Amino acid sequence: MKHLTITCFLMLLAIVVNNSYAEEKTGLSATDIKSLEQIQESVPAQDEQPLLSTTGTESVPCANIVIRDITFKLISTTLNDLSTAHPADTILIQGIVENIGKKDYPNNLDVQVLLGTTTIINKNVPGLLAGETVTIEAEKIFFCEQAQEVTIKCSGQGIEQENQENVATSATSFIDKFILHDSLMPDLIVSGISLIGHYVHLTVENKGQGMADSGKVAVHVFIDGKMHGGFGSSYFDSLTFRRPGGKKGINTGFSISGTHTIMAVVDPETFNMIQESDEKNNTATATIIAPSSIRDLMITGIDYDQEHGIVPIASNQGSVGYTAGTMIKVNVKINKQQVSGYTYTLDTMLEPKTTIKLIPPAPIKIKEISRVFVHVEPIPENLDDENINNIMEKRIQP
């Protein structure tokens with residue numbers, strides 16, 4: 001019995017010594033060892049690694065950003081015929097970036113387009129959903145220059161920069177694809193005059209084979225032989241219009257009722273800013289029959305008296321009256337200088353076929369014979385179904 005007790009004591013002592021030695025070797029407590037085991041369990045196996053490595057503080061598993069395609073289009077000809085290129089033509093470079101992974105890529109992408117070693121565009125793309133694509137476009141004016149390759153690069157948090165699918169270079173230089181050709185010219189036309197509601201609407205096209213110059217396109221609108229306004233380059237400066245086959249719709253803001261003759265002229269002869277392949281097809285005319293007006297505020301006269309000075313006179317030519325409280329905006333110019341702008345509020349209903357004096361809140365006086373210009377319109381403007389009769393210019397003697 002005494003021998004058995006000694007043997008058990010020696011075995012227990014050996015176990016304690018071994019455990020102490022293990023703790024001394026690892027330097028880790030039992031809690032630390034358990035935490036380490038949990039971390040090791042969370043690390044994916046080799047075939048479960050994310051498609052994108054982490055280059056920042058966050059990785060995006062199962063997203064895969066690639067450059068799908070690089071194409072070149074000659075946008076100075078209708079048919080994009082590369083054999084008709086010539087100096088000063090514009091080339092549209094397009095690159096397609098796609099997330100071919102199974103997860104969304106939520107971070108911002110930086111897409112860079114290079115011509116040779118020169119960056120010609122940097123574009124920020126706010127992430128891509130799984131399966132989503134984005135087209136990056138860059139324009140390059142074609143000149144006689146040394147051939148250059150086009151490269152598109154994609155970078156962003158969690159994207160592996162060494163992945164060849166994220167950097168694509170054109171197989172052949174786009175410069176090599178083009179053959180010099182005689183100069184091509186645009187041909188601007190007004191292809192449509194129509195009505196949207198009571199408003200005159202125009203369609204202007206470039207049906208030529210050349211690009212229209214920036215900052216030069218203008219259109220003038222005539223109604224019943226009288227010019228009512230013009231539209232300049234701010235309406236026609238987009239590349240989608242200036243390129244061959246480009247088209248632009250313009251709501252002129254001119255409302256009509258009844259029958260009127262509308263004439264529109266693009267690049268009018270008085271300016272003739274654009275050299276075209278056909279200079280004789282810039283004018284279009286149409287007779288438009290609009291619905292009868294419901295409300296029509298018209299300026300019928302300009303009076304002058306010693307108490308109020310200039311007093312515009314307006315009438316309601318429509319079939320429905322303007323209710324009391326309706327506001328009418330009045331602008332007055334004297335010798336082409338703006339002198340007054342005020343709002344007149346109707347005290348009573350302005351019945352159809354009746355007139356009213358729009359007396360200014362403060363006298364508008366002149367000292368000598370002057371050219372007086374008056375423009376009136378109700379507020380809001382859509383209370384006037386025909387606004388082409390809201391302007392009058394008259395020589396006034398005090």
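Reply: Exposure is read from relative accessible area: a residue is buried under 20%, exposed over 50% and partly exposed in between, with a 1.4 Å probe and protein chains only. Here N335 is partly exposed, because its relative accessible area is 39%. This is a predicted model, in which local features need pLDDT of at least 70 and side-chain atom pairs count only at pLDDT 80 or more, while totals for chains, interfaces and linings use all residues. Residues are numbered from 1 along each chain as its sequence is written, and side-chain values use heavy atoms, leaving out hydrogens and water.

Me: Where does N335 lie, and what is its phi?

Reply: Strands are DSSP runs of E with at least two residues, and helices are runs of H or I with at least four; both are numbered from the N terminus. N335 belongs to the loop between β17 (327-334) and β18 (337-345). Its phi is near 50°, a positive value in a residue other than glycine.

Me: Is D267 buried or exposed, and in which loop does it lie?

Reply: D267 is counted as buried because its relative accessibility is 3%. It sits in the loop between β13 (258-266) and β14 (283-290). D267 also has a positive phi, of about 50°, although it is not a glycine.

Me: How is the pairing of β13 with β14 described?

Reply: Two strands pair if DSSP finds at least two bridges between them. β13 and β14 run antiparallel and are joined by eight bridges. Within this pairing, M263 stands opposite T285 in β14.

Me: Which sheet contains these strands, and in what order?

Reply: The open sheet has four strands, ordered β11-β10-β13-β14, with antiparallel pairing. At its edges are β11 (226-231) and β14, each of which pairs on one side only. From one strand to the next, the twist averages 25°; for such angles, axes are lines fitted to C-alpha atoms, for helices over the stretch in contact, and the values run from 0 to 180 degrees between N-to-C directions.

Me: Which residues does H308 touch?

Reply: A contact means heavy atoms within 4.5 Å. Not counting residues up to four places away in sequence, H308 touches I359, P360, P363, I364 and K365. H308 is placed in the loop between β15 (297-305) and β16 (309-316), and it is buried, with a relative accessible area of 19%.

Me: Which peptide bond is cis?

Reply: The bond from I379 to P380 is cis, with omega near 0°. P380 is found in the loop between β20 (370-379) and β21 (391-396).
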